[in-house]
Amino acid sequence: MFLSKITRAAAFAATALSFTFLTVSCEKETVTPTIASVVIDGANFTLLEKALAKADLVTTFQGAGTFTVFAPTDDAFNAAGINDAFITANTKETLAAVLKHHVLGTKVASTAIATGDNASTATLNGNVFITKNTAGVSVNGAKVTSADVAASNGVIHVIDRVLFPTTSDIVATAQASSVHTLLVAAVIKAGLVSTLQSAGPFTVFAPTDAAFIALGAPYNTVANIQGMTAAQTAVLKDVLLYHVVAARVFSTNLKAGTVGTALATKNLTVNLDSGVKVTGGTAANVANVVTSPVRSFNIATTNGVIHSIDKVLLP
């Protein structure tokens with residue numbers, strides 16, 4: 001019986017030792033995942049995962065390095081038109097250019113971002129502009145919705161919009177738009193091309209073609225704009241300057257109240273109560289910033305930003 005007790009005690013001790021060993025082993029095996037693993041395992045990153053795979057960047061974000069990734073959610077990709085079909089149809093190089101625009105080459109925690117508007121920051125493909133204010137952190141107007149997701153090779157900040165790199169100034173960007181044909185014709189007629197191609201930075205509240213058409217003649221067709229008299233052209237120039245702010249202002253930089261414009265002594269009024277509304281010279285002259293499709297506002301250019309609006313503002 002004495003031997004039986006010894007045997008049972010020895011078995012208990014061995015079991016306890018094994019449990020302790022397993023616990024220690026499990027603790028040692030706990031590792032922080034890489035950026036690629038966080039994306040692959042994330043329920044809201046299926047399109048980002050597919051884009052990384054198509055762009056042949058998964059290995060990059062599985063390996064050594066120190067990165068900051070501003071990671072758009074599936075909703076952000078879908079809103080930007082980057083869905084399964086888009087990823088399948090586009091080249092590795094096209095997707096890589098967009099994805100690298102979301103990546104900093106160093107680890108930057110949200111606490112390390114200085115408070116202020118639009119700090120120019122280099123990505124792996126061009127610069128972005130990072131803002132930190134009382135509303136949080138944003139990049140090119142895209143809001144960080146979840147900050148400081150830990151990874152062994154850097155950090156992830158989740159954002160609500162896709163960022164697009166650009167090599168075009170305000171004029172070239174408007175010329176490439178399918179809904180700003182009349183605005184481009186007006187800028188050319190008013191002699192403002194060189195101004196809006198200069199270094200700036202500028203923010204342009206850009207009326208759509210539908211907005212110009214609603215204003216009526218002589219603003220409603222390219223031919224009518226090109227045929228304006230000298231007096232009409234002078235008025236046109238003032239109207240256009242009234243849509244220009246001499247600063248880079250993304251949606252997350254906007255504040256309610258008056259905003260100075262490039263037309264001396266004439267201000268716009270911004271209202272943020274329900275979406276973004278911009279009021280011109282009279283209370284009835286209110287334009288909405290167009291937010292759908294998502295690439296209608298916070299359109300980054302080399303010398304500023306464009307927000308489409310649904311009405312022409314009159315000083």
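**Entry 1: salt bridges**

A salt bridge here is a side-chain nitrogen of Lys or Arg within 4 Å of a carboxyl oxygen of Asp or Glu. I note before going on that this is a predicted model. I looked up how many salt bridges the structure holds, and there are three.

I started with Lys50 and Asp84, whose closest N and O atoms are 2.9 Å apart. That value falls under the definition, which asks for a distance within 4 Å. Lys50 belongs to helix α3 (residues 46–54) and Asp84 to helix α6 (residues 84–89), so this pair links distant parts of the chain, 34 residues apart. I checked the surface too: Lys50 is partly exposed at a relative accessible area of 41%, and Asp84 is also partly exposed, at 39%.

Next I went to Asp56 and Lys92, which meet in a salt bridge at 3.7 Å, N to O. Asp56 sits in the loop between α3 and α4 (58–62), while Lys92 is in helix α7 (residues 92–100), so the pair ties together parts 36 residues apart in sequence. Lys92 came up as partly exposed, with a relative accessible area of 39%.

My last pair was Lys255 and Asp117, with 3.9 Å between the closest N and O atoms. Here the distant parts are the loop between β9 and β10 (257–260), which holds Lys255, and strand β3 (residues 116–122), which holds Asp117; they are 138 residues apart. Is Lys255 buried or exposed? I found it exposed, at 55% relative accessibility. Asp117 counts as partly exposed, at 42%.

A reminder to myself: side chains of opposite charge can pair when their charged atoms come close.

**Entry 2: a four-stranded sheet**

I then turned to an open sheet of four strands, in the order β9-β8-β15-β14, with mixed pairing. Which strands stand at the edges? They are β9 (244–245) and β14 (299–301); each has a single partner strand, so one side of each is left without a neighbour in the sheet.

I went through the pairs in turn. Strand β8 (residues 202–207) runs antiparallel to β9, and two bridges join them. Val204 has Val244 as its bridge partner in β9. Between β8 and β15 I found six bridges, and these strands run parallel. Val204 turns up again here, standing opposite Ile306 in β15.

How many residues of β15 (residues 304–309) are buried? Six of its six are, so I call the strand mostly covered, with buried meaning under 20% relative accessible area. Gly304, Ile306 and Ser308 point one way, and Val305, His307 and Ile309 point the other way. I recalled that in a regular strand the side chains alternate between the two faces of the sheet.

**Entry 3: the second largest pocket**

Last, I looked up the second largest pocket, which has about 480 Å³ of space. It is lined by 22 residues, and the closest to its centre are Ala135, Lys143, Ser251, Thr252 and Leu254. The elements giving two or more residues to the lining are β5 (136–139) and β6 (142–151). Of these, β5 gives the most to the lining, with three residues. I sorted the lining by class: eight nonpolar, ten polar and four charged residues.

Definitions and conventions. Residues numbered from 1 in each chain as written. Predicted model: local features only at pLDDT ≥ 70, side-chain atom pairs only at ≥ 80, totals over all residues. Heavy atoms only, no water. Pairing = 2+ DSSP bridges. Buried < 20%, exposed > 50% of the residue type's maximum accessible area, 1.4 Å probe, protein only. 1 Å grid on protein atoms, 1.4 Å probe; cavity = no way out; pocket = protein on both sides within 12 Å on 5 of 7 lines; lining within 4 Å. Points joined across faces, edges and corners; volume = space filled by probe spheres on them. Nonpolar A, V, L, I, M, F, W, Y, C, P; charged D, E, K, R; others polar.
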